[in-house]
Amino acid sequence: MLTQLTSFTNRFKNVFKFLFPVVILLFLYTQTSGFIKEIHPAAALHLLKHQHWIDHLELGILCFLSVAVMSAYDVILMKWNRAKLPNTALFKISWIANSFNNAIGFAGLTGAGLRLTLYRKWGLQGPHWLRSLVYQSLAGLTGLSILSLLLLAGVWNDHSLLVDHPWLFIAIILVALYVVLFVSLGRLPRLKNVLGLTVQQEEAAIAKTPVFQMMAASLLEWMMAGLSFWLIVHLMGLPIGLRESMSIYVIAAVAGVASFVPSGLGSFDAIVLLAFQHLGLSPDQGLAVIVLYRIFYCFLPWALGLAFATTEWIPSKEKWAQTQQQVLKPAIKRWHTIWNWPSQTAVLRDISTWALAALVFISGIMLLISAATPGSWHRMHMLEQFVTPFTMKGSHQLTVLIGLLMIMVSESIRYRVKRAYYMALILLVGGTMALILKGFEYEEAIFLLFVCLLLWLSKDRFNRKESVFTVRKTIAWAGISLLVIVLYLSVGLSTNEIPPGVLAHAKWHARYSLKDDELLREAVLALAVSWILLSVRRLFVPSLPPAPAPGPQDWEQLQQLLERHSGNFLTHLMYMGDKSFMWTPDHKAVLVYGRIGKTLVALGDPIGDPVSVRLLVRQFRDYADHYAATAVFYQVKAEQLPLYHEFGYRFFKLGEEAIVQLDQFQLSGRRKADLRAAYNRYERNGFTFEIIKPPFTPMLWSELKAVSDEWLGDSKEKGFSLGTFQESYLELAPVAVLRDNENRVAAFASMMPVYDNGKSISIDLMRHRDGLSGVMDVLFVHLLQWAKGEGYHVFNLGMAPLASVGESVYAYRGEQLARWVFLKGSHFYGFQGIRRFKDKFDPEWEPRYLAFPQNSLFLKLIIQVTRMISRGRSD
């Protein structure tokens with residue numbers, strides 16, 4: 001009942017997170033729809049294009065200063081935690097966190113999440129540090145709350161906007177009360193506990209909470225943002241003073257926060273338009289103000305933040321989760337979960353290459369916007385003195401095509417594909433030249449050259465030969481390009497008309513602007529070329545060659561390698577012959593793998609010289625990358641995870657392997673009562689145990705096959721990571737046989753040598769006749785006693801799939817789902833039964849993992865590996 005209630009609560013929360021912002025935006029649209037319909041994009045664009053470059057410079061300086069002063073938060077955090085950091089590093093981290101927070105975050109959580117991971121690189125972590133970040137993100141809204149109080153006190157003049165719209169008045173009051181609640185946190189221990197801000201006595205002695213310092217930093221942040229908004233209004237020459245501008249900004253910012261929409265996108269803008277409507281101003285002017293604010297206060301600082309981020313290393317999702325599990329209290333975890341919408345983890349994973357990809361994507365969008373909107377007629381007239389109209393129009397067409405291709409290339413930049421790196425450099429340089437030749441758009445050209453420089457400096461990161469490019473992905477990118485072109489045409493057709501009130505420029509408009517049919521022709525041509533290139537890329541994706549079968553030389557080299565280096569619990573499965581070998585060039589390390597589709601699955605950890613093993617992991621990954629395939633490692637040990645992490649792998653816990661320390665195994669004690677009873681019962685009934693070494697007689701083969709066939713029934717023999725009933729394979733190791741009182745084989749199990757100088761041995765194939773309850777318990781007891789007598793130290797009972805997977809509240813969703821399968825999936829597979837059976841022998845449980853590339857589809861990989869095991873042999 002409790003589980004169902006929790007599931008319902010989670011579903012309701014997810015639906016609410018989606019519906020609430022949508023409802024708010026729809027409501028705001030109903031309030032401003034009439035005013036929005038009067039907007040003429042061409043007129044708004046005309047206002048933007050005719051701003052003087054000096055105005056842009058003043059606005060840029062103030063907006064960049066507005067983001068820079070937010071480093072006060074980080075200075076306070078350093079003093080609070082008595083930490084030291086180089087000023088350049090402090091400013092850089094602050095800029096990344098705050099610019100990302102302004103552009104895509106809300107409620108301070110994007111900034112807090114980025115600070116958590118960026119500062120961790122400098123050794124700043126632990127419960128007190130996390131509480132500091134929580135407190136800082138809570139303090140971030142106090143500045144807006146104080147400005148709201150000033151609005152209610154009449155310091156800012158709202159021209160009756162709040163009176164005409166009481167729902168805005170209520171929102172202002174609620175936000176104004178926030179600062180009172182924040183100041184009262186120290187006297188509300190229950191609320192502090194819910195938010196995870198309770199500290200231990202020894203931690204409380206570190207430093208006193210800087211309540212008013214945080215509030216002052218927040219007030220400075222919001223005041224500077226309001227002044228940036230006022231300067232835009234002032235530079236546009238609108239009849240709105242400072243008090244009115246601050247009023248509009250505060251009300252719009254409160255609406256943005258209350259809507260739970262990232263960066264207040266849509267809600268902030270709707271309130272600005274609503275205020276302009278109240279003031280009797282043109283909707284075109286309102287749109288121009290919003291666009292300038294978004295560009296100078298949000299986009300340009302964020303672009304610089306992306307540039308800074310390209311030089312940062314951010315821990316992967318595994319490290320992020322590990323940090324939470326180690327130091328986050330449940331209360332802080334709950335607080336993070338409530339506010340973590342949209343998910344911040346997508347931003348925190350591998351942000352350096354993500355930032356480069358984002359910059360390339362933004363460059364493509366910028367090129368398309370530049371092509372869709374009319375350029376400056378004065379610049380084009382000047383440019384016509386040096387280039388022909390044909391060159392200008394040809395460059396315009398090239399701008400559209402390059403912009404579209406740049407958007408497509410951005411994905412491969414994220415995956416660090418070397419060919420995409422060179423392609424992006426060519427496109428950026430080509431786009432820069434096209435911008436200059438089509439209309440002397442030097443501002444956009446400078447931005448593209450800046451991105452080109454960042455990309456060139458990041459050359460060493462691009463080490464992949466190819467990324468996975470399936471038919472489905474080809475179709476998806478074709479659809480995305482079609483959507484982008486439709487949006488390009490929509491913007492182009494709406495901004496290419498002559499703006500109202502500027503008919504004096506009709507002559508220039510006719511001379512330098514494209515006609516509707518020309519825009520359509522350019523769009524269709526660019527789309528056609530991009531689709532052709534997509535098809536060519538798909539056709540030239542290298543085909544993955546068939547996995548080669550092992551030859552005599554592989555067996556000879558494997559024997560020589562095992563004489564020098566120890567094997568592992570899976571090494572003997574190499575001799576099944578259903579897997580391909582991959583050797584290092586010096587033949588000092590080897591792994592075996594199977595292939596299904598474009599997925600290469602290595603079985604276990606490579607064996608051999610440790611230095612060569614590391615090179616082999618890289619070699620296997622490079623081989624898969626070359627053919628746009630996915631390389632995964634199945635059933636790897638926990639101690640090897642750092643090695644795979646180094647090469648960009650993520651991990652999923654497959655289950656645990658039961659390892660019995662033979663010197664500790666005995667049948668005495670209450671816990672072994674059931675085993676002793678079964679053992680004694682079968683012994684009294686005349687069952688006998690023996691170990692038979694190869695070669696086996698035809699009579700024995702016949703008996704073993706009869707038991708195996710009865711055990712399998714209608715099921716198909718599995719393979720890859722499991723031994724199969726194959727004579728050539730079973731002849732390589734002894735077989736344990738349990739016979740009844742009529743000398744018939746009742747059960748048998750094949751052995752797997754571990755090739756570690758006789759220290760360990762493992763069980764492989766296990767089969768028994770029907771109707772013999774407890775027979776495998778007896779067989780295992782005999783095997784353990786035999787192995788102990790032979791001088792082995794360790795006996796491996798094999799895997800218990802999904803055992804102890806997803807038990808932690810911090811586990812990934814995939815592992816939590818696996819936990820549910822473990823508990824509820826007994827109808828399909830006896831997960832719990834296997835765990836209970838092996839647990840009788842008091843083993844030590846060692847975890848085993850699936851290592852898979854970060855950017856791969858986990859669910860697809862699990863299905864592929866399962867199919868590979870189920871079908872018995874690789875392609």
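What share of the contacts in the protein with a separation of 6 or more comes from residues 24 or more positions apart? Such residues account for 79% of these contacts, where contact means heavy atoms within 4.5 Å. The model is predicted, so to speak of local features requires pLDDT of at least 70, side-chain atom pairs count only at pLDDT 80 or more, and totals for chains, interfaces and linings use all residues. Residues are numbered from 1 along each chain as its sequence is written, and side-chain values use heavy atoms, with hydrogens and water left out.

The protein has 37 helices and twelve strands, taken as DSSP runs numbered from the N terminus (helices: H or I, at least four residues; strands: E, at least two). Of its 875 residues, 54% count as buried; buried means under 20% relative accessible area, exposed over 50%, and partly exposed in between, with a 1.4 Å probe and protein chains only.

The largest nonpolar core holds 143 residues, a nonpolar core being a set of buried Ala, Val, Leu, Ile, Met, Phe, Trp, Tyr and Cys residues joined through side-chain atoms within 4.5 Å. Within this core, F182, F229, I413, L455 and Y488 touch the most other members. Helix α16 supplies the largest share, 13 residues. A second, separate core of 42 residues includes V601, V632, L700 and V707. Leaving aside residues up to four places away in sequence, Y488 touches L368, A371, A372, H396, V400, L519, E522 and A523.

Helix α16 (residues 283-309) also packs against helix α13 (residues 211-235), at an angle of about 135 degrees and with the axes 10 Å apart. The contact is made by E221, A225, S228, F229, I232 and V233 of α13, together with V289, L292, Y293 and Y297 of α16. By class, the residues in this contact are eight nonpolar, one polar and one charged (Ala, Val, Leu, Ile, Met, Phe, Trp, Tyr, Cys and Pro count as nonpolar, Asp, Glu, Lys and Arg as charged, and the others, Gly among them, as polar).

The backbone has a few spots worth a visit. Most residues other than glycine have a negative phi, and most peptide bonds are trans. H587, in the loop between β1 (580-583) and β2 (589-596), has a positive phi of about 60 degrees although it is not a glycine. Y755, also not a glycine, has a positive phi of about 60 degrees and is found in the loop between β9 (745-753) and β10 (760-768). The peptide bond from P694 to P695 is cis, with omega near 0 degrees.

Notes:
Axes fitted to C-alpha atoms, helices over the stretch in contact; angles between N-to-C directions.
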